[in-house]
Amino acid sequence: MTTVAVPLAVPAARARQLAGTGTLLRLALRRDRVLIPAWVLGLGAVVAGTGSSFEALYDTAARRAALAVSMNGNGSMRALYGPVFGDSVGGLVAWRMAGFGAVLAAVMSLLIVVRHTREEEETGRQELLCAGVVGRRAPLTAALLTALLADAALAVVIAGSLAGSGRPAAGSLALGLGIGATGLLFAASAAVAAQLTESARLAKGLTGAALGLAFALRAAGDAGTDGTSAPLTWISPLGWSQQLRAYAGERWWPLALFAVATALVVSAAYALTARRDLGMSFLPARPGPARAPRSLSGPLGLAWRLQRTTLAGWTLGFVCAGGIFGGLAKGAADLVGGNARTREIVARMGGQQDLTDAFLATMAGLLGMVAALFAVGAVLRLHGEETAGRAEPVLAGAVGRLRWAAGHLALAFGGVAVILAFGGLALGVSYGVSAGDPLGRTGPVLAAALAQAPAVWTLTGLAVLVLGLLPRAAPAVWALVGGCLTLGWVGPSLDLPRWAMDLSPYSHLPKLPGADATAAPFLWLLALSALFTAAGLAGLRRRDLC
């Protein structure tokens, strides 16, 4: 009797640790019933639209071959997108989307895993769930399965959309699997970060830093080689996705790298979760000073303390992006070449002025669209403070709701101006140095970047409006921002109708530098921003806390 019971005790104990996984998985899928389809279908549509765009832009084999040669010969473009392995339409889609799509899949996956692990512990909901019949490993397993289903659906949508549009099935499957596998690997990385840190914000930041490091390694490796593989590229998972070489003689063995790396990282996550208590972490926050500084005596100082690291990170990122884009501006005409269709798209994105100015206007617009992500995140920090229960102790004192919100909104609105100023300055200086006139070229480019602020502030005000009137729908603001990004970046190449483009506040701004500017669009956008913000604050003042 005893010799049989001991071996059976091991699988029984493991089964108890996974008890409740199915229930938690269904709960996670229900909570993400909007988030996951939006990510999957949106990214699938971008990939399919990229194929249609390349098919229209480069409709002959000679044009596609010339593009491949020019991209492989430009170190900056290789750093951004990687080398071109095939000059077919599918090969160009893989060149553009293998890295970019993998980054977006990684972001989707890390958000899913952190939301259903560390965020649940931080808010106290996990403790309530674990009071029932829930095993120790069940929450982590359910989160990873949710990410697995999302990444698998993404791979299927990408492969199906490309194969359905006439691309070779093998290349379509390789591209879809590469993007999905990258997302799953960073889902596992987020699971490890959730064990190491004590807050969801830090877990997202740590995984995001790992993603940024992977991009930097891949970019450094590709920038130094001309259409070949570099050692640094193989260190980065983003490089593995590209090295599948979809539509260019597929190489399937890099999928084994994803499988081994994911298994190792998942094993590490399970080992860590078995060695800590619920709600605890391996990297606890450092104890603060015995006495708080005077800067924390008001809501603005508290908001600055909470968001200063995020603002510094975004500022650094914009400086790097501006420096890279500025270095490409001088060769914009060479990159476009004599392709009339490409010139038409650049003109729709950047204006009818000189091609270099149009390229700079496009890059300034891109900085403005990305800045909306920072602004909305800063506004939704208010929602996070509410749901985590940290707002109530602050408001229990002599701080009113409007003062409390004003601190975070000052960081949101003011931070937009800061990151746009630094990004525009880097863009202008980099372009000016390459053109031999840094003093004369920096001012107009800086002004073009700052001109994006009213559009960003309009979306910021819209986020405040939703937060104040419909707090439970506050995360849906990300979908609105994503829609504006899609309209601004993909809409011109798809030749969308004017009424569709006008749904984005960015389409109402003049295309600077080079275009004529009037005060009317700026004033209208500022008025909308003020109206949205005032209405949102009025709703916040009257409603109950979450």
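Let's start with Cys484. This cysteine is buried, with a relative accessible area of 7%. Buried means under 20% relative accessible area, exposed over 50%, and partly exposed in between, using a 1.4 Å probe and protein chains only. Cys320 counts as partly exposed, at 45%.

A word on the model. It is predicted: local features need pLDDT of at least 70, side-chain atom pairs count only at pLDDT 80 or more, and totals for chains, interfaces and linings use all residues. Residues are numbered from 1 along each chain as its sequence is written, and side-chain values use heavy atoms, with hydrogens and water left out.

Now the core. A nonpolar core is a set of buried Ala, Val, Leu, Ile, Met, Phe, Trp, Tyr and Cys residues joined through side-chain atoms within 4.5 Å. The largest has 108 residues. Phe54, Leu154, Leu175 and Tyr506 have the most contacts inside it. Helix H18, residues 355-387, gives the most to this core, with 16 residues. Helices are DSSP runs of H or I, at least four residues, numbered from the N terminus. Another core lies apart, with six residues, among them Phe186 and Leu211.

Last, the backbone. The peptide bond from Leu512 to Pro513 is cis, with omega near 5 degrees. Pro513 sits in the loop between helix H25 (498-501) and helix H26 (520-542).

Technical notes:
Helix = DSSP H or I, 4+ residues; strand = E, 2+ residues; numbered from the N terminus.
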